[in-house]
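The sequence and the structure come next.

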Amino acid sequence: MKKWITPLFVLFPVIAFSQDAQEPDSMYVVTECFLNDGYSLQDAITEAGNNDYDGPESVWFRQPVAVPDTPENQFRRIVNWENMAAWTAANAADGTSNESYTCANANRSFITSRQAGNNTATFDSGDATLIAVTTCFLKKGVSISSFFDFIDQNQKAREATGDTTVALVSHMVMGGNPELNTAVGVRRIGKTAEDLAESLDLRWRSDLRAPVYTDTPAESCQNPMLYKTYRVDR
């Protein structure tokens, strides 16, 4: 099974950081898409699975569940590539023509992704699962490498308590909202929707304090957003 990406920010005591981040595991190309009148998301998933589009490691459709100011017909297409060279070799800039949905291809975002911790991204739940996404803004002078090390060690501490979710750190490198270019995303996903829900329940049960960022690489983090994510079988 291909690795996929698709995370919540957890606060731990200050730790030591390395100077260089590991190479990205993959690159995501994220595009906002909209269902055309009369079509459902399942129609779009089926149509995307029938396209003869070749080259990406995997394709995901991410449906908003708890995302502010999102139209009912909007979803995100997440295409996972090995790197930018693979995206270019597949002539992916041309996009595809679809009957059931329309994507804002001119507004793509290119995002590098690195897996934190040791849990692997095995998809266990049939055709869909839940993903929690948090955007954090780094303190001045803090590197992506430092932030990754922080999340990596925090994730390993969670795994030691039996947490089975997968954490991934992402950074927008091209396109998207210019205001987010200094932000780092943390995605946490369960092998099943129940795995993620249990992980969130445990965190909320044990710590109801407001976040304190004094000893962390982040200046602040937004509230997590929740999506239902579907793998497109191709």
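## Salt bridges

A salt bridge is a side-chain nitrogen of Lys or Arg within 4 Å of a carboxyl oxygen of Asp or Glu. This is a predicted model: local features need pLDDT of at least 70, side-chain atom pairs count only at pLDDT 80 or more, and totals for chains, interfaces and linings use all residues. Residues are numbered from 1 along each chain as its sequence is written, and side-chain values use heavy atoms, with hydrogens and water left out.

By this rule there are three salt bridges. One of them joins the side chains of Glu32 and Arg76, at 2.7 Å from N to O. Glu32 lies in strand β1 (residues 26–35) and Arg76 in strand β3 (residues 74–81), so the pair ties together parts that are 44 residues apart in sequence. Helices (H or I, at least four residues) and strands (E, at least two) are DSSP runs, numbered from the N terminus.

## Pairs with buried residues

Buried means under 20% relative accessible area, exposed over 50%, and partly exposed in between (1.4 Å probe, protein chains only). Asp152 forms a salt bridge with Lys156, with the closest N and O atoms 3.3 Å apart. Both residues lie in helix α3 (residues 144–160), four residues apart, about one turn of the helix. Asp152 is buried at 14%, whereas Lys156 is partly exposed at 37%.

Asp163 pairs with Arg158 in a salt bridge, the closest N and O atoms being 2.9 Å apart. Asp163 is buried at 12% relative accessibility, and Arg158 is buried at 11%.

## A contact in space

Arg114, in strand β5 (residues 109–116), is buried at 13% relative accessibility. Arg114 and Pro24 are 90 residues apart in sequence and 5.0 Å apart in space, C-alpha to C-alpha.
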